[in-house]
Amino acid sequence: MTTDYEAVFEDALAAVRAEGRYRVFADLERQRGRFPLATRYLEDGGRQDVVVWCSNDYLGMGQDERVVDAMERALHAVGAGAGGTRNIAGTTHYHVALEEELAALHGKESALLFTSGYISNEATLSTLARLLPGAVILSDELNHASMIQGIKGGRGPKLIWRHNDVAHLEELLQGLPKDKPKIIAFESVYSMDGDFGPVAEVAELAKRYGAFTYLDEVHGVGLYGQGGGVAQQLGVSDRIDCIEGTLGKAIGVMGGYITGSAAMVDAVRSYAPSFIFTTALSPVLVAGALASVRALREGGDLRKRHQERAATLKSRLSEAGLPVMDSPSHIVPLMVGDPVACKAVSDELLEDHGIYVQPINYPTVPKGTERLRFSPTPLHTDEHMDRLVDALEEIWTARGLERAA
C-alpha cells in the first residue's frame, strides 16, 4: 500500500489547528511615509487601514528616506541582483563597505554578511563547532531556534545552562577540562520575555575558564549603546569573541552578519556551506542597510524616543490592569496564557479595531505562556496607544480574561 501523502499533510495541519496554534498571515502592505500604518487586503476585495504593533522594524528605518534613497540609487546604478554567490560573482563594493561599517560598529577587525540572521547563527555556530575539535557548546536554554539549529549542525557535545543563570553556567564550566575548547552561546535581549542576557558576567566567566563567547545581538543592534547593542552599552564588546546581528530588525532591511577577529571571520567565510553556496544579498538591500547603519551610529535621539515609547506603553497597560509582563528592555509582552484565547484576541483586535499584532504561541514560547508581543516604535503616537489600550480593555472585559494581580 502506497503512502497517502496528502492525508499526512492534512493530518499534520489538523493537529496544529486542534491545538489552537495554526497561523494565519495577514495580507498587508505598509504605507511608505506613514509607518506604523499599513493597508490590509481583505478576502472580499476590500481594504482596511491598520496600525502595526508587532513589527521588528523597531525604529522605522525601513521607511527612512535615507535608506529608501540609498536603495533607489543602488538599483539604478547596478541593477537588482548580486549575480551569484559571494565566491563567484556576488561580492560588490556595497558588500565590502557594509562589512567594514559593521566591524567598526562593534569595534571588531572584520565582519561577514549572510542572507538572514537565522543563517548567520546556523552557519557560524555549526562551523565553529567543526573547526574546534571536541568543542563543547554551552547554550542558554532560551536561545533562538537558529542558534539551536547551528549547535545541532555542529554535531558536537553541548550543555544547556538555565536561562540567565550565571552560577549554573560556572558550575558547568568547572566540570570541563581546562584545555577543552568551549563556546558560550547566548543572547543580549531575549525577544519573547524582553529580558537582558548577563553579557558582562558571561564575558568575565569566559575569561576565567578560557571559553570563546558567541553573542546574538539581533534585538540589541541599533537600539543600545551607539547602535552596537547591549555589549557596547555595557562597554564589553571587546570581551566578546563573536557578535552576531541582523539587518532585518532595527536596521530595517534584510540580512544577517557576524563580527569578530579577522581570522575567525575568514575561517567561517571559507568553511560555512550556508555562506559558500548561497546567492549573495542584493546590492540594493546592502546599500539600504549601509545607509541605515551609518544613520543609526548617530541616532541617539531616535533611541531615546524608542525607549520612552516602550516605557509609556508598559505604564499604560499596567495602569489599565492588563497583565503586561515585567520587561526591562523595549519588548512589551502581554500574557494571555491560552493559545485559543490568544489567537481570538489577536483576531478581534484586527477585525474590529484595525490593530495588528500576531499571537505568540508554541513552539515560539512554551505552552501555557501564550502572549501578545507589542513592539512600540518612535513613530507610535499617544493616540495609537489610546486606541490600543481601549481596545484591549474592551476585549479583556468581554472575554473575562485574567487581569494583572
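Which residue of strand 3 does leucine 37 stand opposite? Leucine 37 stands opposite valine 51. The structure is a predicted model, in which local features need pLDDT of at least 70 and side-chain atom pairs count only at pLDDT 80 or more, while totals for chains, interfaces and linings use all residues. Residues are numbered from 1 along each chain as its sequence is written, and side-chain values use heavy atoms, with hydrogens and water left out.

Strand 3 (residues 47–52) runs antiparallel to strand 2, and five bridges join the two. Strands here are DSSP runs of E with at least two residues, helices are runs of H or I with at least four, and both are numbered from the N terminus; two strands pair if DSSP finds at least two bridges between them.

Two bridges connect strand 15 with strand 16 (residues 371–374) in an antiparallel pairing, and proline 359 stands opposite leucine 372 of strand 16.

Turning to the helices, the axes of helix 13 (residues 300–319) and helix 15 (residues 382–399) come within 10 Å and cross at roughly 30°. Helix 13 is therefore roughly parallel to helix 15, a term that covers angles under 35 degrees. Such axes are lines fitted to C-alpha atoms over the stretch in contact, with angles running from 0 to 180 degrees between N-to-C directions. In the contact (heavy atoms within 4.5 Å), Arg309, Thr312, Leu313, Arg316 and Leu317 of helix 13 meet Asp382, Met385, Asp386, Leu388, Val389 and Leu392 of helix 15. By class, six of these residues are nonpolar, one is polar and four are charged.

Side chains of opposite charge can pair when their charged atoms come close. With a salt bridge taken as a side-chain nitrogen of Lys or Arg within 4 Å of a carboxyl oxygen of Asp or Glu, the count comes to 21 salt bridges. In one of them, glutamate 72 pairs with arginine 32, and the closest N and O atoms are 3.7 Å apart. This pair links distant parts of the chain, 40 residues apart: glutamate 72 lies in helix 2 (residues 65–78), and arginine 32 in the loop between strand 1 (28–30) and strand 2 (37–41).

Terms used: Parallel < 35°, antiparallel > 145°, perpendicular 65-115°, else oblique. Nonpolar A, V, L, I, M, F, W, Y, C, P; charged D, E, K, R; others polar.
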